[in-house]
Structure formats: structure tokens, C-alpha cells
Amino acid sequence: MLKLYYSPGACSLAPHVALEEVGAPYEAVKVALAKGEQRTPEYLAMNPKGRVPVLKDGDFVLTENAAILPYIAQRFSGPGLWPSYAKEAARCAEWIGWIASTVHIAYAHVRRPERYANDPKAIEDVIAKGKESCRDIWGQVDKKLGEGPWAIGERYSVADPYLLVFWTWGRGPTLGFDMARDFPSWTAHARRMGERPAVKRTLEREGLELPA
Ligand SMILES: N[C@@H](CCC(=O)N[C@@H](CS)C(=O)NCC(=O)O)C(=O)O
């Protein structure tokens with residue numbers, strides 16, 4: 001039995017949706033980040049990084065969205081969430097690599113500035129600059145998505161639920177972007193995501209609103 005350790009609204013939303021999409025039996029184990037459950041000795045013994053997501057497949061423990069998403073897609077190849085054509089697969093890897101290394105990290109400068117500076121004034125600056133970077137990067141995502149309809153074009157892949165995470169963070173209180181006005185292509189993508197039964201089920205379980 002697969003187990004996904006997730007926290008509502010966190011970046012673990014992406015593998016959560018992916019598991020719903022592939023229809024594999026799995027258990028969703030909630031980790032309350034606000035209560036520090038990611039730092040208990042038991043959790044750290046499983047994932048010394050103290051983060052979600054973690055995917056357990058028997059004894060195989062996997063961390064990092066950039067590894068977990070391709071793993072889910074390739075292990076359950078039936079639904080085709082990892083493209084079989086080399087160029088499409090490369091596009092999918094390109095999105096996932098960029099989201100993990102750049103989009104997520106830009107957001108962390110605003111949400112977790114204490115990781116990047118100690119001095120309170122410097123922290124203020126990290127947040128201000130982080131917001132600017134996010135607006136710029138959110139714009140790049142919007143442009144790259146274009147008409148879609150999906151991240152890599154005509155075909156839905158695990159890059160799509162990963163994008164949804166950052167759309168929801170864009171509308172959240174940390175960034176407070178007007179996603180529909182400023183990032184219309186990404187918002188159209190989020191709305192398409194919201195029509196998928198797997199996404200509806202996952203958002204409901206995590207207590208998140210559908211993209212309006
Ligand atoms: N590079 C990791 C990042 C994971 C990560 O930062 N997860 C956050 C939630 S979105 C977390 O668990 N934060 C808890 C903490 O920092 O204490 C991935 O993509 O899987």
C-alpha cells in the first residue's frame with residue numbers, strides 16, 4: 001500500500017492529485033506542519049529533511065516532488081501522466097525542474113525569509129525582493145503556459161498538478177496576487193484543473209477551494 005505524507009495546501013498537493021489521477025490504492029497521511037509534526041523524531045527518522053511530501057511504497061521512501069511526481073506517473077503508466085515521446089517527456093521534466101528549483105524557491109523567500117537572512121532589516125528586504133521575483137516568475141509561467149490547454153500542450157501530465165500548487169499560493173495571503181487579472185492563462189489552466197474529478201476530490205480532502 002502506498003502512503004503519501006501530505007499537509008493541506010502544501011506542495012504535497014501535486015502528488016496527492018497525481019495519486020488520485022492514477023487511481024492507485026493509497027493512504028493519505030496528514031502531517032500538521034503548523035504543529036511541527038514534520039519535526040517529530042518519528043517523522044525525521046523517515047525523512048530527515050523534515051518536509052512534505054514523502055511517498056512510501058513499501059520500504060521505498062521517496063522525497064522531493066521532482067522525484068515523486070515522475071515516480072507516480074511511471075509506476076502507474078496506464079493513465080499516461082509521464083509522456084512516452086522523448087520531447088514531451090523532456091518538456092515535462094523541464095517544467096518540474098523549473099518549478100522545484102525556481103518557482104518554489106522564489107516563493108520561499110517571501111514565506112520563509114528567515115531561511116535567507118538573520119537581520120530583521122535584511123529579512124524585510126528578502127520579502128520585498130522575493131515578492132518582486134515572484135511577480136516576474138509568475139508572469140513567465142503564465143506566458144509559457146499560453147493557451148495550453150496543459151503544461152506540455154495537448155496532453156495532461158504530472159506537471160499540471162504541480163502548477164496548480166503555485167496558482168493556489170499566488171492567490172493566497174502571502175502573495176495576494178489577483179490571479180485572474182494578472183495571470184489569465186495560468187488561471188484558465190487552474191479552472192481546467194478544477195473540472196477534473198481527481199482534482200475536485202483532492203481539493204475537498206485538503207479543504208481547499210476550487211479555482212473560481
Ligand atoms: N524540495 C521539496 C520541498 C518540500 C517543502 O519545502 N515542503 C514544505 C511544504 S510546501 C514543508 O514541508 N515545509 C515544512 C517546514 O519547512 O518545516 C519538494 O519539492 O518536495
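How do the residues of the shell around the ligand divide into nonpolar, polar and charged?

**View 1. Shell around the ligand in the predicted model.** This is a predicted model, in which local features need pLDDT of at least 70, side-chain atom pairs count only at pLDDT 80 or more, and totals for chains, interfaces and linings use all residues. Residues are numbered from 1 along each chain as its sequence is written. Around the ligand lie A10, C11, L33, Q38, G50, R51, V52, P53, E64, N65 and A100, where a residue is near a molecule if its C-beta atom, placed from the backbone, lies within 6 Å of it. This shell divides into six nonpolar, three polar and two charged residues (Ala, Val, Leu, Ile, Met, Phe, Trp, Tyr, Cys and Pro count as nonpolar, Asp, Glu, Lys and Arg as charged, and the others, Gly among them, as polar).

**View 2. Contact of helix α1 with helix α9.** Residues L13, H16, V17, E20 and E21 of α1 meet A198, V199, R201, T202 and E206 of α9; contact requires C-beta atoms, placed from the backbone, within 7 Å. The residues of this contact comprise four nonpolar, two polar and four charged.

**View 3. Elements of the protein chain.** The protein chain contains nine helices and four strands, which are DSSP runs numbered from the N terminus (helices: H or I, at least four residues; strands: E, at least two). Along the sequence, the pattern is β-α-β-α-β-β-α-α-α-α-α-α-α. The C-alpha trace of the protein chain spans about 50 × 45 × 30 Å along its principal axes.

Methods
Contact = placed C-beta atoms within 7 Å.
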